[in-house]
Amino acid sequence: MSAAQRVPELLQQITSPNTEAIRNGELELKSLKKDPSIINALMSSLVNAAAPPAVRNVAAVMLRKYIHLHYTSYPPADQAGLKAALLTALGNEPERAVRIAVVGSITRVADQHADGLKGWPELLNYIVSAAQHEAADARDLSFLLLKELSSNICESMPDQFPSLATLFNNAMNDSQLKVRSSAVKALGETMRYVCDEEEQLSHFQGLIPRLLEVTVTAQKEGNEDLVQTVCEVLYELTMNNFTAYFAEVASFSMCVLGDQNLELVTRDAGALVMSTLIECKPKLFGRKCPVDQIVEAFMMMIETATESAAGAFFDNNPQWRDDDDSDDDDENYDGPTQCGMAQGCLDIMACTLSSKVFFNLVMTKCVQRMQSQNPPSRKAGIACLGVVAEGVAEKLCDHLPEIMPLVLGCAGDADAQVRECSCFALGQLSEHCQPEILDYASQVLPCVFNLLDDNSVSVQTTSCYVLEMFCEHLEPESVMPFLNPLTTKLVSMLESTKHKAVQEMSVAAISATAVAAEKEFIPYLPGVAAIMSRLMNLNDEKTFPLKGRAMESMGHMAVAVEKDAFRPYFEMTMQCCCHALTLDSTELHEYAFAVFANLSKVMEREFSPVLPELVPHLLAVISGSDAAGESEQRKLQEAIYSQNQGDDSDEEGEGGIDPTMMVSTAMMEAKKAAIVAITEMASHCGPDFTPFIPQTFVCLAGDPSNEASQGSIDYWHPSIKDESLKALPALVVCCVASEYPEGKIEWEKGNLTQALLPQTAGYSQAVMAKMVPQLLNPEKEVVGTCCNSIQALIELCGPQALLAQANDVLNGLLKLVSKKAVCQSDIYGEEEVDEEDEDDHESFMNGVLDLIGAIGRVMGQHFAQYLPEFMPHILAFAKTSCPTNDRSMAIGLLGELAQGLGPAIGTYFDSVYLPHIQQGCADPADTVRRNASFTLGMCCESLGPATSQYYPQLLQALAPVFQVDASKGDGAAAAVDNAVAALARMIIANPGNVPYAQVLPVFFRCLPLKSDLSETEVVFEAIVKMRDAGQQEVLGNLKGEVERVVRASVAEGYKVEDEMKEELKKAFGL
């Protein structure tokens, strides 16, 4: 039986209420798709007025699916007849749903013409005529067609844009809302298509105010589909550097985001537009938008939300939702939340807006709410503090004395949500306000210890998170008073609770406690390792996250207790981790790779026997194909905003969003962990890793003999590039371990003729050649890591490692330090540069300036010829108007250059060094005072007698640093320690120019050093030199002070090298 005979019956069958009949009908109709007669049969059913609307609708849908299979094979006359029939059917069809389906068929036919809509001029005439028709349904139909044909029109008929703009404008003023709505959707599709073409977009951008007005009206009437469409359009426009009507778009986005009558998914579309506006154009946002009102609105959203305001913490662990001890019936909800939207926008504001615009404003609101009598207000205040902590960390560190009492007060709040959010905030402060937050250890640890007994599961979980973030940075002496009760409590929680969240975070907190305690954790190792062994052997898929945490914990404990103590547990841990690789869990594989990294670091060459098995596996993971590469990722992101409601395709794999998006993310994390493991193995397994260097280099960097070959350093995601850059120098470390005694090259500063041994020379040059181009990478994170890796390589191998690439390195650094590099450009379009806005420190610049200092130390006086180019840009970071970290790194770099270049910096002392030393020592920030003191000492050490005439000015500059209260924290103590070291260098350099009677009492009063113990050697060199020279103050009046300092420094527990202690004992007869 032919298609013409079967189609009407099959269409009836497909519209029946019988599921089995529908499925069979669809399969049979699909089997007829290659029969040319199917098109006429479907058209007949479509225009059959006697057929039910459902049949006509299915006919139109199937026509759209199959028409492209036959249309191009028709003779021109038949094509013209089909097109005319479609337009007639469209005009005569009374049902809107069927008309929409016919529009799809018309679009499919139009797409078959190579010249687009030019091949069907009647269609455009039809659209224009319908747009002016007296019937609202006809006008609505016109814009349904324009929406579906937008890409075709934009490609083939851009000359029609002025006429289209007039149509859109008239329609958005139509008396009928449905016509206005269809016009807005069609305009939106058109603007989306031309959003990256400024000239084409200019025809339509003047319509945006009216578009927003129509959408707001539709929003009030509940047309959320239109609101979402417009938000998607505005998002794409913003992503393509569109700034017209910026304030109006921001106001509309806030209107959508804050409308509690809308569905959360619609409000989330508004949040996406708002966050994109902030992220793409932070300076413009700060100038054009009422930041104060917007922050207040976000905080009110957090305040009035019923869900957890620490939700961002739990959102990363959806499997914990079953642990929720709230009464919320919708516990399985997995969509956007009011709190999450507000917090996401606040986070982006904190990370991108100028701190001059944002910091005082947001902190004032946080503090006011934390002091409120209203629990929801306190919840909002402390939650907001946690959310913005990362973005405002630098300024927040300066205000911890005012903030911490409020945070700790919230931790003891009667309201569980306030306590929960205080834990979240403490965790964020612990993570991002290092090392300043550690000064509060004696207050934070008892507070968190009490919260571990909280009745709320979420409070218990976030308390463990605080411990994890806080303890991993502590020194053993800080955690020792709490070690026994803390470990006991965490183990008890782990053993007694049934909640996944508490179990996992207890394990994480135990790991961090062990890392902080170091060898002091050894007595607890057997008991804790026994528990972890049991957890590592869990094989239920639901317990894999806990299994992974236990594996991770063994790796951390190995680092803490070191090789000898961990050796009994090494084989068992390796067996569990290797078994995890056989399970179908990318997350477990990632945990296993992290353990391999830590164990290779700890066990060193004892780890080597497993290299033949592990290295090939790790390299396969690193080089393995990713289900969603760069192009697929882009398509997926586009699909999120543009996927159709239905599936137009009849082919396998077409339509919808590729589910590998999540798999890709997991695979990417596994790749990162595998690269880290390879890095540690190459760094710590010594010559045993040497056989694996060639294939590892190819995996990371590509095959040098094949220009088309790519390695993980060429991977599309910056985090993989980042880890690959860290890994490459490790291969040279392995070469050095293999070729040089004791694994160290005794290179000489500035010696350009000192050759490297063959393997080290070959790989150092190959690695450098792959790393240097990344200085021009558009991602700041990658550039910073590149600088760190180049620094590590030249400090390992000396001048020879730099020579071949020196010009490219210096040119790249010059672009970076002058802020003209690719990564420093505004990727969304140039914004006006206002010096007052330049108040935020770019953390990657630490790596840039550190590399410049390292080049000075490696190349010595050879670098002096480049100072005229670099110095003005370095000094730009030292301005008093710059952020603290900028000032600190700039003055620190001056010291490193003095240390590296020696007398070659002499011409800069009067004009550059002296005024910046004076300015830095008087700076209110401890880190700047510390580095200024260091620079002063380096100048005296490098220039020697040439500085003697400046001693009165230098001593006067140091005076305020000696007045710093060293008990206020590590930063203050380090500043004083460096001032003491600077004075020691002055004594060594020009002993005859020091007023001993005035300076030595201050000098000895600040000893022994309390924080920066790396300066101990120079301090005691000065003391010994004064004693040997018969200095009377040392031998006479201050003899008791000298002996006190020396005895304290050689005492057990003081962190000074044993060799130094022995020299001091011998020198002073102790």
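Mentor: What follows starts with the salt bridges and then turns to a loop residue, the cysteines and the backbone. Please keep in mind throughout that this is a predicted model.

Side chains of opposite charge can pair when their charged atoms come close. Asp-174 is paired with Arg-139, with 2.6 Å between the closest N and O atoms.

Another salt bridge joins Asp-413 to Arg-378, where the closest N and O atoms are 2.6 Å apart. This pair links distant parts of the chain, since Asp-413 is placed in the loop between helix 24 (400–411) and helix 25 (416–432) and Arg-378 in helix 22 (residues 375–388), 35 residues apart. Asp-413 has a relative accessible area of 12% and is therefore buried, and Arg-378, at 12% relative accessibility, counts as buried too.

In the salt bridge between Asp-453 and Lys-489, the closest N and O atoms are 2.2 Å apart. Here the link runs from the loop between helix 26 (441–451) and helix 27 (457–471), which holds Asp-453, to helix 28 (residues 476–496), which holds Lys-489, and the two are 36 residues apart. Asp-453 is partly exposed, with a relative accessible area of 47%. Beyond such pairs, salt bridges that share partners bring Asp-292, Glu-296, Glu-303, Lys-365 and Arg-369 together in one network.

Thr-690 lies in the loop between helix 35 (660–684) and helix 36 (693–701), and its relative accessibility of 16% makes it count as buried. Apart from neighbours within four places in sequence, Thr-690 is in contact with Cys-734, Ser-738 and Gln-759.

As for the cysteines, the structure holds zero disulfides. The sulfur of Cys-366 has its closest cysteine sulfur in Cys-384, and because the two are 3.6 Å apart, they are too far for a bond; Cys-366 is buried, with a relative accessible area of 0%. Cys-787 is likewise in no disulfide, the nearest cysteine sulfur being that of Cys-786, 5.8 Å away, and Cys-787 is also buried, with a relative accessible area of 0%.

Most residues other than glycine have a negative phi, and most peptide bonds are trans. The peptide bond from Gln-434 to Pro-435, however, is cis, with omega near 0°, and Pro-435 lies in the loop between helix 25 and helix 26. Leu-1007 and Pro-1008 are also joined by a cis peptide bond, with omega about 0°, and Pro-1008 is found in the loop between helix 49 (996–1005) and helix 50 (1016–1028).

Glu-518, although not a glycine, has a positive phi of about 55°; this residue is in the loop between helix 29 (500–517) and helix 30 (525–536) and is partly exposed, with a relative accessible area of 37%. Glu-604 has a positive phi as well, near 55°, and is found in the loop between helix 32 (586–603) and helix 33 (611–623), where its 35% relative accessibility makes it count as partly exposed.

Technical notes
Residues numbered from 1 in each chain as written. Predicted model: local features only at pLDDT ≥ 70, side-chain atom pairs only at ≥ 80, totals over all residues. Heavy atoms only, no water. Salt bridge = Lys/Arg side-chain N within 4 Å of Asp/Glu carboxyl O. Helix = DSSP H or I, 4+ residues; strand = E, 2+ residues; numbered from the N terminus. Buried < 20%, exposed > 50% of the residue type's maximum accessible area, 1.4 Å probe, protein only. Contact = heavy atoms within 4.5 Å. Disulfide = S-S within 2.5 Å.
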